[in-house]
Amino acid sequence: MKTITSEDNNIIEIKKSKFIAYIYNVSTEKQCIQYLNALNIEHKDARHITYAYVLCSPAYEKCSDDGEPSGTAGKPILDCIKRNDLTNVMIAVVRYFGGVKLGAGGLTRAYSNSAKEVIDRVSTKELQKQFIAKITVKLDNKYLIENNNNIQITNVNYDKISDKIIEYTIQCVSNKDLIDWLRNICLEVEVLEDSIWN
């Protein structure tokens, strides 16, 4: 599974209709709605603003034809996102009608090509499944945690330091060897979330 590391837009023209595709990195439905609201303001004279998005945590997808014939716009965009194994991505395609009807097949190709071309313009990265955990370790082992490059410490709790133990909240890649290692050196490992993609 991949996500995009940059955002871009692209314009194609077919029989005088202009298709402007925008690609965004998103992680929540609220962000998608904000982008769509901004596009509706920027392109208030456009005939259609169609879109699709795929989110990974929690897993969710949505698409809209925005008045185009059913299945000719949102679904081709969504299929293109999924075919490229992308997540946390939204593509919106703004259409300015040029006066010539394209037919269902022509619309499907136009929206699919718009999505494909804007995806080709951006860079991507592989996502890794990660987990967040609260761990408790003896003070003697604190440097093992702090010096492990596979562990990102997000919080440190010194409240129990008088008992010669320290509590961390960490985020790291879901890797069996790493989890086994943590269970061996920690007094306690409490997984708080186990399906984060980063």
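Student: What are the ground rules?

Tutor: Residues are numbered from 1 along each chain as its sequence is written, and side-chain values use heavy atoms, with hydrogens and water left out. The model is predicted: local features need pLDDT of at least 70, side-chain atom pairs count only at pLDDT 80 or more, and totals for chains, interfaces and linings use all residues.

Student: Why is the pair of Phe 19 and Tyr 111 called edge-to-face?

Tutor: Rings of Phe, Tyr and Trp (its six-membered ring) pair if their centres lie within 6.5 Å; planes under 30 degrees apart count as stacked, over 60 as edge-to-face and the rest as tilted. Five aromatic pairs are counted by this rule. For Phe 19 and Tyr 111 the centres are 5.2 Å apart and the planes stand at 90 degrees, so the pair is edge-to-face.

Student: What makes this pair a tie between parts apart in sequence?

Tutor: Helices (H or I, at least four residues) and strands (E, at least two) are DSSP runs, numbered from the N terminus. Phe 19 belongs to strand E3 (residues 17-25) and Tyr 111 to helix H3 (residues 103-120), so the pair ties together parts 92 residues apart in sequence.

Student: Is Phe 19 buried or exposed, and how do you know?

Tutor: Buried means under 20% relative accessible area, exposed over 50%, partly exposed in between (1.4 Å probe, protein chains only). Phe 19 has 0% relative accessibility, so Phe 19 counts as buried. Tyr 111, also at 0%, counts as buried.

Student: Why are Tyr 22 and Tyr 24 called a stacked pair?

Tutor: Their ring centres are 6.2 Å apart and their planes lie at 0 degrees, so the pair is stacked. Ring pairs also join Tyr 22 and Tyr 24 with Tyr 35 in a cluster.

Student: Why does Gln 171 count as buried?

Tutor: Gln 171 has 13% relative accessibility, so the residue counts as buried. Gln 171 sits in strand E10 (residues 165-173).

Student: What makes the approach of Gln 171 to Gln 130 a polar contact?

Tutor: A polar contact is a pair of N or O atoms within 3.5 Å; within protein, one must be able to donate a hydrogen and the other to accept it, and residues adjacent in sequence count only if both atoms are side-chain atoms. The side chains of Gln 171 and Gln 130 make such a contact at 2.6 Å.
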